[in-house]
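This report covers helix packing and charged side-chain pairs. Please view the model first.

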Amino acid sequence: MLRFNVLLLTALATLMTSCSTSSTTEEEELYKVVATTEEVEISKIEQDVIDVVNEYRVSVGLNAVEFNSVAYGYAIAHNEYMISEGTISHDNFDKRASDLSIEANADFVSENLGKDFTNAEDILEAWKNSPTHKKVMEGDFQYTAVSVTADKSGILYFTQLFFQ
């Protein structure tokens with residue numbers, strides 16, 4: 001696993017319930033950024049996704065994007081949300097993008113999602129074959145982070161955030 005000396009983003013989730021629903025929404029989760037000198041570790045598959053996306057970007061004449069720990073925290077939190085809902089979705093993207101814009105001084109944020117892939121090459125191919133996902137990968141971005149998280153059944157969920 002690769003380690004990055006960066007700000008460590010700690011996602012703290014506080015479950016709030018109401019009488020009318022038993023499901024947790026992403027807006028109900030509380031996130032706190034803690035500045036530390038600790039290292040952020042990402043998994044091999046997460047690094048593999050960053051690597052294949054960067055290889056693709058460079059092959060079409062674009063810059064490679066750099067890992068960002070603040071975005072990584074949001075990607076992790078979104079995967080946890082999707083797993084709790086049992087489906088992939090861009091739910092609450094506006095809030096996620098707005099919060100990332102404030103914390104990372106981003107001008108523009110976008111994301112690609114996936115589910116049921118087992119390696120970086122397969123999700124890259126799926127994203128390249130989707131005009132919308134391809135457009136995101138080919139966007140004018142400088143930073144990225146990807147979270148790959150398995151649900152209880154071992155199904156992998158992918159969230160890759162890009163920002164400028």
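Helices (H or I, at least four residues) and strands (E, at least two) are DSSP runs, numbered from the N terminus. This is a predicted model, where local features need pLDDT of at least 70, side-chain atom pairs count only at pLDDT 80 or more, and totals for chains, interfaces and linings use all residues. Residues are numbered from 1 along each chain as its sequence is written, and side-chain values use heavy atoms, with hydrogens and water left out.

Helix 2 (residues 69-85) packs on helix 3 (residues 93-104) at about 160°, with the axes 10 Å apart. Helix 2 is therefore roughly antiparallel to helix 3 (angles over 145 degrees count as such). In contact (heavy atoms within 4.5 Å), Val70, Ala71, Tyr74 and His78 of helix 2 meet Arg96, Asp99, Leu100, Glu103 and Ala104 of helix 3.

There are 4 salt bridges (a side-chain nitrogen of Lys or Arg within 4 Å of a carboxyl oxygen of Asp or Glu).

Asp99 and Lys95 are 4 residues apart in helix 3, so about one helical turn separates them. Asp99 is buried at 18% relative accessibility (buried is under 20% relative accessible area, exposed over 50%, partly exposed in between, with a 1.4 Å probe and protein chains only). Lys95 is partly exposed at 38%. Lys44 and Asp48 both lie in helix 1 (residues 44-59). Lys44 is exposed at 59%, whereas Asp48 is partly exposed at 25%.

Terms used
Axes fitted to C-alpha atoms, helices over the stretch in contact; angles between N-to-C directions. Parallel < 35°, antiparallel > 145°, perpendicular 65-115°, else oblique.
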